[in-house]
Amino acid sequence: MAPVTASPSPPGAPDLARAQALYRQRAAFYDAELAPFEPLRREAVALLGLQPGQQVLDLGCGTGLSLPLLAEQVGPQGRVWGLEPCPEMARRAQERCTEAGWPQVQICQADVQHAGWPQGLQADAALFQFAHDLLQQPEALSAVMDHLRPGATVVSCGLEWAPAWAWAANAWVFSAALYSLTTLDRLHQPWQHLARWLPDLQVHSTWMGCIYFAIGHKP
(Lines give C-alpha, C1' and ligand atoms only; values in the text may rest on other atoms or scores of the structure.)
Protein backbone atom coordinates (compact mmCIF):
# COMPACT_ATOMS: atom_id res chain seq x y z
CA MET A 1 0.00 0.00 0.00
CA ALA A 2 1.26 3.47 -0.85
CA PRO A 3 2.29 5.71 2.06
CA VAL A 4 -0.44 7.90 3.49
CA THR A 5 -0.38 11.49 2.32
CA ALA A 6 -1.60 13.72 5.12
CA SER A 7 -3.42 17.00 4.51
CA PRO A 8 -3.06 19.95 6.89
CA SER A 9 -5.14 19.64 10.06
CA PRO A 10 -7.29 22.44 11.52
CA PRO A 11 -5.98 24.09 14.70
CA GLY A 12 -6.38 21.84 17.74
CA ALA A 13 -7.09 18.70 15.70
CA PRO A 14 -4.76 15.70 15.55
CA ASP A 15 -2.02 16.25 12.98
CA LEU A 16 -1.17 13.09 11.03
CA ALA A 17 1.87 14.58 9.30
CA ARG A 18 3.35 15.76 12.60
CA ALA A 19 2.56 12.42 14.25
CA GLN A 20 4.34 10.53 11.49
CA ALA A 21 7.39 12.75 11.86
CA LEU A 22 7.34 12.29 15.63
CA TYR A 23 7.11 8.51 15.53
CA ARG A 24 9.57 8.23 12.67
CA GLN A 25 12.18 9.61 15.08
CA ARG A 26 11.11 7.25 17.88
CA ALA A 27 10.77 4.02 15.90
CA ALA A 28 14.30 2.73 16.55
CA PHE A 29 13.99 2.89 20.37
CA TYR A 30 10.21 2.83 20.83
CA ASP A 31 10.15 -0.69 22.30
CA ALA A 32 12.59 0.26 25.06
CA GLU A 33 10.64 3.44 25.84
CA LEU A 34 7.38 1.52 26.26
CA ALA A 35 8.81 -1.30 28.39
CA PRO A 36 7.65 0.28 31.71
CA PHE A 37 4.06 0.27 30.40
CA GLU A 38 3.86 -3.46 29.64
CA PRO A 39 1.64 -4.20 32.69
CA LEU A 40 -0.88 -1.70 31.30
CA ARG A 41 -0.76 -3.34 27.88
CA ARG A 42 -1.38 -6.77 29.38
CA GLU A 43 -4.33 -5.50 31.39
CA ALA A 44 -5.85 -3.83 28.32
CA VAL A 45 -5.53 -7.00 26.23
CA ALA A 46 -6.98 -9.09 29.06
CA LEU A 47 -10.03 -6.80 29.17
CA LEU A 48 -10.76 -7.67 25.53
CA GLY A 49 -11.65 -11.21 26.64
CA LEU A 50 -10.59 -12.69 23.31
CA GLN A 51 -11.33 -16.29 22.41
CA PRO A 52 -9.57 -18.61 19.93
CA GLY A 53 -10.74 -18.04 16.38
CA GLN A 54 -11.86 -14.43 16.90
CA GLN A 55 -10.74 -11.34 15.01
CA VAL A 56 -9.35 -8.19 16.64
CA LEU A 57 -8.30 -4.75 15.40
CA ASP A 58 -5.13 -3.25 16.90
CA LEU A 59 -5.54 0.46 16.14
CA GLY A 60 -2.30 2.42 16.11
CA CYS A 61 -0.33 -0.77 16.64
CA GLY A 62 3.06 1.00 16.57
CA THR A 63 5.92 -1.47 16.40
CA GLY A 64 3.57 -4.32 17.26
CA LEU A 65 4.11 -4.62 21.00
CA SER A 66 0.56 -5.86 21.56
CA LEU A 67 0.70 -8.38 18.72
CA PRO A 68 2.23 -11.31 20.67
CA LEU A 69 -0.53 -11.13 23.27
CA LEU A 70 -3.29 -10.75 20.69
CA ALA A 71 -1.97 -13.51 18.42
CA GLU A 72 -1.70 -15.88 21.37
CA GLN A 73 -5.29 -15.25 22.45
CA VAL A 74 -6.96 -15.63 19.05
CA GLY A 75 -4.74 -18.57 18.07
CA PRO A 76 -3.83 -19.72 14.57
CA GLN A 77 -7.49 -19.84 13.49
CA GLY A 78 -8.12 -16.21 14.51
CA ARG A 79 -7.02 -12.96 12.92
CA VAL A 80 -5.23 -9.85 14.17
CA TRP A 81 -5.41 -6.72 12.04
CA GLY A 82 -2.71 -4.22 13.00
CA LEU A 83 -3.11 -0.67 11.70
CA GLU A 84 -0.29 1.88 11.88
CA PRO A 85 0.04 5.10 9.82
CA CYS A 86 3.77 5.68 10.42
CA PRO A 87 5.80 3.70 7.82
CA GLU A 88 8.81 3.19 10.07
CA MET A 89 6.70 1.90 12.95
CA ALA A 90 4.63 -0.33 10.67
CA ARG A 91 7.81 -1.76 9.15
CA ARG A 92 9.03 -2.83 12.57
CA ALA A 93 5.65 -4.37 13.34
CA GLN A 94 5.84 -6.36 10.10
CA GLU A 95 9.38 -7.49 10.93
CA ARG A 96 8.13 -8.67 14.33
CA CYS A 97 5.41 -10.74 12.63
CA THR A 98 7.80 -12.21 10.09
CA GLU A 99 10.32 -13.22 12.75
CA ALA A 100 7.63 -14.77 14.94
CA GLY A 101 5.87 -16.52 12.06
CA TRP A 102 2.33 -15.36 12.82
CA PRO A 103 0.21 -16.17 9.74
CA GLN A 104 -2.88 -14.85 11.53
CA VAL A 105 -1.49 -11.29 11.85
CA GLN A 106 -1.71 -8.72 9.08
CA ILE A 107 -0.16 -5.24 9.29
CA CYS A 108 -1.61 -2.37 7.30
CA GLN A 109 0.39 0.85 6.97
CA ALA A 110 -2.36 3.44 6.66
CA ASP A 111 -4.71 5.64 8.61
CA VAL A 112 -8.15 4.28 9.45
CA GLN A 113 -9.91 5.86 6.47
CA HIS A 114 -7.45 4.17 4.09
CA ALA A 115 -7.09 0.87 5.92
CA GLY A 116 -8.12 -1.35 3.02
CA TRP A 117 -9.64 -3.99 5.28
CA PRO A 118 -11.56 -6.80 3.55
CA GLN A 119 -15.06 -5.88 2.52
CA GLY A 120 -17.51 -7.14 5.11
CA LEU A 121 -14.93 -7.47 7.90
CA GLN A 122 -16.75 -7.64 11.25
CA ALA A 123 -14.16 -8.02 14.00
CA ASP A 124 -14.96 -9.24 17.49
CA ALA A 125 -12.87 -6.64 19.33
CA ALA A 126 -10.78 -3.48 18.97
CA LEU A 127 -7.84 -2.19 20.98
CA PHE A 128 -6.79 1.46 21.27
CA GLN A 129 -3.52 1.30 23.22
CA PHE A 130 -2.15 4.80 23.83
CA ALA A 131 -3.93 6.05 20.70
CA HIS A 132 -5.17 9.44 21.93
CA ASP A 133 -4.91 11.25 18.59
CA LEU A 134 -6.98 8.57 16.86
CA LEU A 135 -9.65 8.73 19.57
CA GLN A 136 -10.11 12.45 18.86
CA GLN A 137 -11.18 11.79 15.24
CA PRO A 138 -14.91 10.98 15.10
CA GLU A 139 -14.76 10.08 11.40
CA ALA A 140 -11.99 7.56 12.07
CA LEU A 141 -13.91 6.04 14.98
CA SER A 142 -16.98 5.73 12.79
CA ALA A 143 -14.90 3.80 10.25
CA VAL A 144 -13.65 1.48 13.00
CA MET A 145 -17.17 0.84 14.26
CA ASP A 146 -18.25 -0.10 10.73
CA HIS A 147 -15.84 -3.04 10.93
CA LEU A 148 -16.99 -4.34 14.33
CA ARG A 149 -19.81 -6.83 14.79
CA PRO A 150 -22.67 -6.04 17.18
CA GLY A 151 -21.55 -6.91 20.69
CA ALA A 152 -17.86 -6.42 19.86
CA THR A 153 -15.65 -5.41 22.80
CA VAL A 154 -13.70 -2.15 22.59
CA VAL A 155 -10.89 -1.35 25.02
CA SER A 156 -8.88 1.85 25.24
CA CYS A 157 -5.95 2.66 27.53
CA GLY A 158 -3.97 5.86 27.65
CA LEU A 159 -3.05 9.15 29.24
CA GLU A 160 -5.53 11.43 31.00
CA TRP A 161 -5.31 14.46 33.25
CA ALA A 162 -5.17 13.38 36.87
CA PRO A 163 -7.16 15.22 39.58
CA ALA A 164 -5.93 18.77 40.19
CA TRP A 165 -4.32 17.84 43.50
CA ALA A 166 -2.02 15.33 41.76
CA TRP A 167 0.25 18.02 40.37
CA ALA A 168 3.25 15.68 40.04
CA ALA A 169 1.20 13.21 38.02
CA ASN A 170 -0.11 15.98 35.79
CA ALA A 171 3.40 17.29 35.23
CA TRP A 172 4.30 13.81 33.98
CA VAL A 173 1.17 13.66 31.80
CA PHE A 174 2.01 17.02 30.25
CA SER A 175 5.57 15.95 29.50
CA ALA A 176 4.49 12.61 28.05
CA ALA A 177 1.74 14.25 25.99
CA LEU A 178 4.11 16.77 24.42
CA TYR A 179 6.39 13.89 23.49
CA SER A 180 3.75 11.56 22.05
CA LEU A 181 0.55 13.45 21.10
CA THR A 182 -0.27 16.13 18.56
CA THR A 183 -3.34 17.41 20.41
CA LEU A 184 -4.24 17.85 24.07
CA ASP A 185 -7.96 18.12 23.27
CA ARG A 186 -10.17 16.13 25.64
CA LEU A 187 -7.22 14.88 27.65
CA HIS A 188 -9.52 15.24 30.67
CA GLN A 189 -11.83 12.62 29.07
CA PRO A 190 -10.01 11.00 26.14
CA TRP A 191 -12.82 8.45 25.70
CA GLN A 192 -15.51 11.09 25.13
CA HIS A 193 -16.03 10.33 21.42
CA LEU A 194 -15.97 6.57 22.04
CA ALA A 195 -18.91 6.94 24.41
CA ARG A 196 -21.12 7.99 21.48
CA TRP A 197 -20.84 4.50 20.00
CA LEU A 198 -20.52 2.51 23.23
CA PRO A 199 -23.43 3.35 25.56
CA ASP A 200 -22.21 0.91 28.22
CA LEU A 201 -18.69 2.38 28.32
CA GLN A 202 -17.05 2.04 31.74
CA VAL A 203 -13.90 3.88 32.76
CA HIS A 204 -11.48 3.42 35.63
CA SER A 205 -8.20 5.13 36.39
CA THR A 206 -4.86 4.02 37.79
CA TRP A 207 -1.36 5.43 38.32
CA MET A 208 -2.65 8.27 40.55
CA GLY A 209 -5.36 9.03 38.02
CA CYS A 210 -3.11 9.71 35.03
CA ILE A 211 -3.81 6.47 33.15
CA TYR A 212 -7.31 5.28 32.24
CA PHE A 213 -8.90 2.08 31.01
CA ALA A 214 -12.18 2.26 29.13
CA ILE A 215 -14.22 -0.76 28.06
CA GLY A 216 -17.50 -0.96 26.20
CA HIS A 217 -19.43 -2.97 23.64
CA LYS A 218 -20.90 -2.04 20.28
CA PRO A 219 -24.71 -2.22 20.57
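## Two nonpolar cores

A nonpolar core is a set of buried Ala, Val, Leu, Ile, Met, Phe, Trp, Tyr and Cys residues joined through side-chain atoms within 4.5 Å. In this predicted model, the largest such core has 44 residues. Those with the most contacts inside it are L48, V56, L67, L70, V105 and I107. Helix α4 gives the most to this core, with 5 residues.

## Contacts of L67

L67 belongs to the group with the most contacts inside the largest core. Residues up to four places away in sequence aside, L67 touches D58, V80, A93, C97, W102, V105 and I107. Helix α4 spans residues 67-74. V80 and V105, both touched by L67, are also bridge partners.

## Strand pairing

Strand β2 covers residues 79-83. Of its 5 residues, 4 are buried. On one side of the pairing list is β1, residues 55-59, parallel to β2 over 5 bridges. Here V56 has V80 as its bridge partner. Strand β3, residues 105-108, also runs parallel to β2, joined by 4 bridges. V80 finds its bridge partner there in V105.

## Crossovers

From β1 the chain passes through helix α4 to β2. This β-α-β crossover is right-handed. Next in this account comes helix α5, residues 87-100. Together with β2 and β3, α5 makes a β-α-β unit, which is right-handed.

Definitions and conventions
Residues are numbered from 1 along each chain as its sequence is written. This is a predicted model: local features need pLDDT of at least 70, side-chain atom pairs count only at pLDDT 80 or more; totals for chains, interfaces and linings use all residues. Side-chain values use heavy atoms; hydrogens and water are left out. Buried means under 20% relative accessible area, exposed over 50%, partly exposed in between (1.4 Å probe, protein chains only). Helices (H or I, at least four residues) and strands (E, at least two) are DSSP runs, numbered from the N terminus. Two strands pair if DSSP finds at least two bridges between them. A crossover is right-handed if, with the strands pointing away from the viewer, the path from the first strand over the helix to the second runs clockwise. Contact means heavy atoms within 4.5 Å.
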